[in-house]
Amino acid sequence: MAPIIRTCSLGLALSLATPAAAQTADLTDYVRARAADAAGAAGVAAQGYGRAMAATPDDPVIALRAYRQALMVGDMALATRAAAVMEKAGVAPPDAALVDMAAALAAGNQTGAADAVKRLKGTPFDFLMPIFTAWLAQARGLDGVAVLDSLDLGALARRYAAPQRALMLLAQGKDSSSVLESMATLAGDGDADARIDLATVRGPDGARFLLQGGGAEMEAVARSLGAPQPVTITYGLSRMFRAMASDLGGDRMATLTIVLARCALILDPGETRARIVLADAINGAGAPDLALQTLAAVPKDSPFARRAAGVRVAVLRDAGRADAALADAKALTEDHSATPLEVERYAQLLTDTGRHEAAARVYAEALRRGGQGSADLHLDYGLALEQAGRWDQALPELRKAAELAPNRAEMLRTLGVALITHGGDGADALRLLERARKIAPEDAEVADALGWAYVRQGEVARGAALLETATRSDPAGSTANEHLGDAYWRLGRQFEARYAWRAAAIHAAPTDAERIARKLREGLTGAS
């Protein structure tokens, strides 16, 4: 998805501008909407931007904010009005054409949809034009597969074209060996949602091989399947938009993820997985209450209810509602169909809230539930045991993690640091850290760990050089700066030591701040 990530900031620069209308009108509504926006009160913000737009109907800056907020809350009338203002000013973001296309298709207006597709040319989304063109041709009674096969597809378009091509063939009633072969390929590529999309349109009899072996969620989907669902342009493109939104998921791409998920829901309001992705993105955009409201719309008996519950745990956690997040996460793990991932998520919450003994017990349960081959689980279990003061039991788990992932620097670094911290085999620790350094020469944490190990072994000058490298890579790194200060002090470079400690103090955790403050007052002593 890198091309989208690089280019989809187009049009968003408007959000940094000051409304031109600020010089000519009372923008109390706009100011209040900005405040609500910043506070995560998405519904209040959308209403405020809507009123501000009514007062200043030609201002594209207000229109952009209204458009973004309207997509978050699902106010498509406001989004359409705002997009029209930006179109008139010639500053509409590229994704506005996607929303217009989805709205036109949902209304049965294929001509309007085709016009919106033309506006994608030269935008970051033009790679999708062949897929849209093929579906529009199919909707007119032509052979969409033939159209798709005749068009030039880039690598990114091919990522989404394969499942769409299979759906087009099914829409044509071609449940032939070629279609089955295409679906079998998709069934084996690890894309569970693509398998579900195809299974839904084949119905219970034709979906077995697509869903078998897919775990609890696939089993729930299989139980929920009714008669085969007709394959239409809205079905196909809704699933494609959802797949794109899922691929982009993450706080840094929340704005675009919201657009894509909303397009999926415009085309099919019942696309539950798109609603879950939307909620996750809304949370990433800083509106946890709206995210929870969005998740609440997922039916309790949906085969995707557990997926929604997992996102709800993350929303509660991010909102600082740790007790509620823990309660929900615990409820998931106590269910007989709990997955190792759900158990691990609960354990991580316990760790984050300082409940290390409880976390260790839960990680142990995750390992028993089929996680024995997971290096990450062994690592997390070992760290929880270490933090709980059970070093003798932690060490075998950390060694197991390094054994399962011998080429992952994180595993080697963690084991090496733990050995040094707990007075283990110093030579073994150095070998682990030196190997980690070869694997990840640019990793600041590895450089810090190895540099500090050298200092602890008496090779202070050698260690200081590595610690300098670590702080250059991560100037705000509290641990590396503190270690560098300690090394400088041992080398007699006291002025530079205090400079490094001051840098360490800026971002130091509360548990470390007093120790660093003592070093700044007294220098390096036995107590510090």
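I take a pocket to be an open set of points, on a 1 Å grid over the protein atoms alone, with protein on both sides within 12 Å along at least five of seven lines; its lining residues have an atom within 4 Å of a point. A volume is the space filled by probe spheres set on the points, which are joined across faces, edges and corners.

I note that the model is predicted, that local features need pLDDT of at least 70 and side-chain atom pairs pLDDT 80 or more, and that totals for chains, interfaces and linings use all residues. Residues are numbered from 1 along each chain as its sequence is written, and side-chain values use heavy atoms, without hydrogens and water.

Entry one: the second largest pocket.
I find about 770 Å³ of space in it. Its lining has 22 residues, and Arg413, Val417, Asp448, Thr479 and His483 lie nearest the centre. Two or more lining residues come from each of α23 (375–387), α25 (409–421), α27 (444–456) and α29 (478–490); helices are DSSP runs of H or I, at least four residues, numbered from the N terminus.

The lining counts 41 residues, with Glu217, Arg306, Arg307, Gly310 and Arg345 nearest the centre. Several helices supply at least two residues each, among them α12 (192–206) and α19 (305–318). I see that α19 gives the most, 8 residues.

A cavity is a set of points where a 1.4 Å probe fits but cannot get out.
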